[in-house]
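Here's a quick briefing to go with the chain you're about to look at. Have the viewer open and follow along by topic.

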Amino acid sequence: MIAGIAAVLSDEQRRAVEIGAVSRLAIISGGPGTGKTSIIAAILRVLVRMGIDPAAVALAAPTGKAAYRMNESIRNTMSSIANPAAEDSTLATTIPAASTIHRLLGYSSTRRSFAHHRGNPLDASIVIVDETSMLDLMLMDHLTAALRPQARLVIVGDADQLPSVAAGAVLRDLMPGEATAPSTAMAEMSARLTENYRVKAEDIGGAAVAMIARQINEGRADLLSAADSPVVRRASVAEITFSGVELVGGASESLPDFLTHFARAQIDSEDYTSMAARTYALADGAFSAEDSATVARMLAHLARARILCVTRIGRCGADAINARMHRAALGRTPAERGAMIAGEPVIVLRNDYDHMLFNGDQGVLVNLAERGGRRSLAAVFARGAELSAFRIEMLSDAIDLCYAMTVYKAQGSEFECVALILPERDMPLLSRETIYTAVSRGRRSCVIFGGEGLLERAVARRSERFSGLAQAIEQRRAAKPGG
């Protein structure tokens, strides 16, 4: 069934593709670097070889950012095929565009209802949903209700990440851990990807991050004390090297020193300061080749590292840290004043389909040249190889500073280095899933700032939710043999 494709897949990946291509319901879970995007592309390739029209497949994700990343990742995977078969060439030109689940179902904010439901199902015969750790129970119910009786559903994501803010933990309910292994019926429709293909043997820092992520998922009580622990304790902020996994204990009083150290190591540089101070010009809505290259370098520089917080509020929350980092930036450029200045990272707060900006998109602020020698401030976002610039007055209050962001907002993003700031005191949000999601956002470095006791309690605490979803599906299967 997957001739010509299987050669580049591992056994567990091959099983995932087979389940995704033929099962009425397929559940595929895997952490960062396990090849989930490659699996989706491989499923699409198999479906075309099975004679299924790509137009009959719908691709979706819970957020606009995730849908956009799904599109880009699949296109990049398809374009990297060395010797594409005729079916691959056909698929490459007819790949269905991914959308948000709300848009797929035709949600109307004015009517607060969906155009597609049991009485008006989707045309698609196969629906593939990515980043389903963010999918809540109610939206899952709307999605399944809108499927045709014989339609197939493939859900892909990381079951160990933070669940949706709303009720339910759909992916985790359907893909339980080893302690609550699924029945034979559920096992037949599920696949777990475990091998990390992103970390190379020579990548010591990346290997340390991958190891601590596994240990967090295991709920290791000896996470910090075991002989095989990859965590390196730092006695002071000055000792942090931003390599592998580092822990620096400290009260919030030492947080300013840490933020200063982070900014110097990860953001500030003479080169970046020079690029941020420049004034750029738009001609017919586009930058010149030289300006595009420079702004792209700014975006790439900022995309290397990010500060992650458990919440927005509090002294250790994202809002306070962004405000502190902004004040520091103003201090370095005293000629500038304002709520935001050129060179600062920003994040989109809600979907804006008019400008094709999505909740969670991250960009950079630059100075734009205006007539008469005046300057205006614009936010620039990458769209594949292209750049889109918007004067900030066009975006109103839809963007905010993004030196720091919540762990929840960081889902779907990856950075070379992340710094996780633990809160001042314990809280329910501080769970194993939160720590895992934060740590696994870093490819080669993760610095954890905060008390060891807080970290250990968080790893021991699971975010418990129970919806009965898996049980309901099994009861349905039992009542309809072969269904």
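Start with Asp284, which you'll find in the loop between β12 (282-283) and β13 (286-287). Keep in mind that what you're looking at is a predicted model. The chain has 483 residues, and 51% of them count as buried. Its secondary structure comes to 18 helices and 22 strands. If you count contacts with a separation of 6 or more, 72% of them come from residues 24 or more positions apart.

- Asp284 isn't a glycine, yet its phi is positive, at about 55°.
- Glu131 is another non-glycine residue with a positive phi of about 55°.
- Look for Glu131 in the loop between β6 and α6.
- Is Glu131 buried or exposed? It's buried, with a relative accessible area of 16%, where buried means under 20%.

- Helix α6 covers residues 137-145, and its buried residues are Leu139, Met140, Leu143 and Ala145.
- An α-helix has 3.6 residues a turn, so residues three or four places apart point the same way.
- What covers the buried residues of α6? The cover includes the helices α5 (101-104) and α7 (170-174), and also the strands β5 (113-114), β6 (126-129) and β7 (152-157).
- The N-terminal end of α6 is capped by Asp136. One of its side-chain oxygens sits 3.0 Å from the backbone nitrogen of Met138.

**Helix pair α10 and α13**

- Helix α10 (residues 255-266) packs against helix α13 (residues 318-332) at an angle of about 60°, and the axes are 11 Å apart.
- The two helices, α10 and α13, are therefore oblique to each other.
- Their crossing, α10 over α13, is right-handed.
- From α10, the residues taking part are Leu255, Pro256, Leu259, Phe262 and Ala263; they meet Ile321, Arg324 and Met325 in α13.
- Sorted by class, this contact of α10 with α13 has seven nonpolar residues, no polar ones and one charged one.

**Helix pair α11 and α12**

- Helix α11 (residues 270-277) and helix α12 (residues 289-302) have axes that come within 10 Å and cross at roughly 130°.
- That makes α11 and α12 oblique to each other.
- The α11 and α12 crossing is left-handed.
- On the α11 side you'll see Asp271, Tyr272, Met275 and Ala276, meeting Thr294, Arg297, Met298, His301 and Leu302 in α12.
- The class breakdown for α11 with α12 is five nonpolar, two polar and two charged residues.

- Glu344 lies in the loop between α13 and β15 (345-348).
- How much accessible area does Glu344 have? Its relative accessible area is 1%, so Glu344 is buried.
- The side chain of Glu344 makes a polar contact with the side chain of His326, at 3.0 Å.
- Set aside neighbours within four places in sequence, and Glu344 is in contact with Leu302, His326, Ala329, Ala339, Gly363, Val364, Leu365, Leu401 and Tyr403. Leu302 is also one of the α12 residues that α11 meets.
- Ser413 sits in the loop between α15 (407-410) and β21 (415-421).
- Ser413 is buried too, with a relative accessible area of 6%.
- Which side chain makes a polar contact with that of Ser413? It's the side chain of Lys65, at 3.1 Å.
- Again leaving out neighbours within four places in sequence, Ser413 is in contact with Lys65, Gln362 and Arg441.

- Ala187 is part of helix α8 (residues 184-188).
- With a relative accessible area of 31%, Ala187 is partly exposed.
- Ala187 and Ile27 are 160 residues apart along the chain, while their C-alpha atoms are separated by 9.3 Å.

Conventions:
Residues are numbered from 1 along each chain as its sequence is written. This is a predicted model: local features need pLDDT of at least 70, side-chain atom pairs count only at pLDDT 80 or more; totals for chains, interfaces and linings use all residues. Side-chain values use heavy atoms; hydrogens and water are left out. Axes are lines fitted to C-alpha atoms, for helices over the stretch in contact, and angles run from 0 to 180 degrees between N-to-C directions. Helices (H or I, at least four residues) and strands (E, at least two) are DSSP runs, numbered from the N terminus. Angles under 35 degrees count as roughly parallel, over 145 as roughly antiparallel, 65 to 115 as roughly perpendicular and the rest as oblique. A crossing is left-handed if the near helix is turned anticlockwise from the far one by less than a right angle, and right-handed if clockwise. Contact means heavy atoms within 4.5 Å. Ala, Val, Leu, Ile, Met, Phe, Trp, Tyr, Cys and Pro count as nonpolar, Asp, Glu, Lys and Arg as charged, and the others, Gly among them, as polar. Buried means under 20% relative accessible area, exposed over 50%, partly exposed in between (1.4 Å probe, protein chains only). A polar contact is a pair of N or O atoms within 3.5 Å; within protein, one must be able to donate a hydrogen and the other to accept it, and residues adjacent in sequence count only if both atoms are side-chain atoms.
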